[in-house]
Amino acid sequence: MTRSLPFNPTSEMGQAVWTIAKACLGCDEQFVQWICQAEQKEIVNALKERELPKTVLEEFDAFMDLYGFRAPKEIDCGVARFRQDPSSIVTSVRSLVELQLSSIDDLSKKSRLPDAILAAGVVEADRWLEDACAELKANYWFGGIRAKMLRAFARRVRLLGGLREFAKFRMSTMFGIVHEWARGEATKTMSDALDNPGDDVFHLGFDDIVSVDRSEWRAVVAERRRAIAQEQRRRLLPTAVASDGRMFFPWSFNDSDGNGDGDGDGDVLHGQGVSAGRASGRVLCCARSVQCVAACRRCSRSSVHRSVVDAAAHGGERSRTRSRRCIDARQCRCARVRYP
């Protein structure tokens, strides 16, 4: 029902990349072969030097006007945006060009093109709606009325569901504006203290800029870059890390049969971890969590309080109960609860 939703900025960005690929396919055969065979860096340099055909440059410019502030890891303000580093877009365009060329000989690959995927999603959503309405009419009282109601709800979901990505799109645009502003200000004011201020500034925190001497910024940036390079050498990261230090890898989430495909009836975690990184700030927690939980035993009416009591019973340590659920225990009306 929610496949190929209209007004979805992410889907529209994918279609814009496909438009660039079609512009490349519309050029002469020599250029198409060059796109498929040239190195990524060579294509990026040709794009920055405005050496590509006019139609291709126009499509790239239209893409950058709308999505130039986005990036593969756009939630990080320090990541270079498409305007500074279009390498990922160039890679996607080349992949689509190669896919279109290969689909001429292998018709099965046509279903992997963006236009075909979008159209198939719309057809699948319509088919599901027709099947659901037919089932309502056949098996339920007032099935015709219910089917009309379902169609009305489905129409609204189709029209408004794609807007769920709009907030993320605007947020990434805001991050991109902050990124460009920080690069410009660093270039103007930090050229004497940093070798590459436009990039190095994102390896400095506010505390570093305020409290650390300017002559030491290069050493701080070098240490941060070394740590990042060390992290990038990791071959496998855990999908999830529990509060007690246990790490879960993809093979840890097996089904009830132990096959690892996640299709059993057991408690299975799906997906991958997101937003990994470091965050700094104040953490609000109850300093007397164990005592608070013990006092809440007499009035553990809600599931929140029961979960906190169970955590204290099995853990018994403050580190085990230091969570938001302990903060929610403030809602308890027990007179014995006292907070510092």
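Reader: Before I look at side chains, over which residues does the pLDDT stay under 50, and how many contacts beyond four places in sequence does the model have there?

Author: This is a predicted model, and its pLDDT stays under 50 over residues 287-340, a stretch for which the model has 57 contacts beyond four places in sequence. Residues 254-266 also have a pLDDT below 50, and that stretch has 15 contacts in the model beyond near neighbours in sequence. Where pLDDT is low, the predicted coordinates should not be read in detail.

Reader: And where is confidence highest and where lowest?

Author: Confidence is highest in helix H4, at a mean of 93, and lowest in helix H14, residues 318-321, where the mean is 38. For the protein, the average pLDDT is 77, and 73% of the residues score at least 70.

Reader: Let's go inside, then: how many residues are in the largest nonpolar core, and which have the most contacts inside it?

Author: The largest nonpolar core has 33 residues, and the ones with the most contacts inside it are Leu52, Val56, Phe60, Phe63 and Val93. Two or more residues each are given to this core by H1 (9-25), H2 (29-37), H3 (40-48), H4 and H5, and the largest share, eight residues, comes from H1. Apart from this core lies another one of nine residues, including Ala186, Ala193, Leu194 and Trp217.

Reader: What does Val93 touch, if I don't count residues up to four places away in sequence?

Author: With those set aside, Val93 touches Val17, Ile20, Ala21, Cys24 and Phe60.

Reader: So how do H1 and H5 sit against each other, in terms of distance and angle?

Author: The axes of H1 and H5 come within 9 Å and cross at roughly 60 degrees, so the two helices are oblique to each other. The crossing in which H1 passes H5 is right-handed. On the H1 side the contact is made by Val17, Trp18, Ile20, Ala21, Cys24 and Leu25, and on the H5 side by Ile89, Ser92, Val93, Leu96, Val97, Gln100 and Leu101.

Reader: Changing topic, is Arg70 buried or exposed?

Author: Arg70 counts as buried because its relative accessibility is 4%, which falls under the 20% cut-off. Arg70 is placed in the loop between helix H4 (54-67) and helix H5 (87-105). Beyond its neighbours within four places in sequence, Arg70 is in contact with Pro9, Thr10, Met13, Arg81, Phe82, Lys168, Phe169 and Ser172.

Reader: Where is Ser88, and which residues is it in contact with beyond four places in sequence?

Author: Ser88 is found in helix H5 and is partly exposed, with a relative accessible area of 28%. Leaving aside neighbours within four places, Ser88 is in contact with Pro72 and Phe82. Ser88 and Ala71 are 17 residues apart in sequence, while their C-alpha atoms are 8.6 Å apart in space.

Reader: How far apart are the C-alpha atoms of Glu124 and Arg3?

Author: They are separated by 7.6 Å, although Glu124 and Arg3 are 121 residues apart along the chain. Glu124 is found in helix H6, residues 114-139, and counts as partly exposed at 30% relative accessibility.

Reader: Last one, on backbone angles: what is the phi of Phe7, and what is that of Phe142?

Author: Phe7 has a positive phi of about 60 degrees although it is not a glycine, and Phe142, also not a glycine, has a positive phi of about 50 degrees. Most residues other than glycine have a negative phi.

Definitions and conventions:
Residues are numbered from 1 along each chain as its sequence is written. This is a predicted model: local features need pLDDT of at least 70, side-chain atom pairs count only at pLDDT 80 or more; totals for chains, interfaces and linings use all residues. Side-chain values use heavy atoms; hydrogens and water are left out. Buried means under 20% relative accessible area, exposed over 50%, partly exposed in between (1.4 Å probe, protein chains only). Contact means heavy atoms within 4.5 Å. A nonpolar core is a set of buried Ala, Val, Leu, Ile, Met, Phe, Trp, Tyr and Cys residues joined through side-chain atoms within 4.5 Å. pLDDT is the predictor's confidence in each residue, from 0 to 100. Axes are lines fitted to C-alpha atoms, for helices over the stretch in contact, and angles run from 0 to 180 degrees between N-to-C directions. Angles under 35 degrees count as roughly parallel, over 145 as roughly antiparallel, 65 to 115 as roughly perpendicular and the rest as oblique. A crossing is left-handed if the near helix is turned anticlockwise from the far one by less than a right angle, and right-handed if clockwise.
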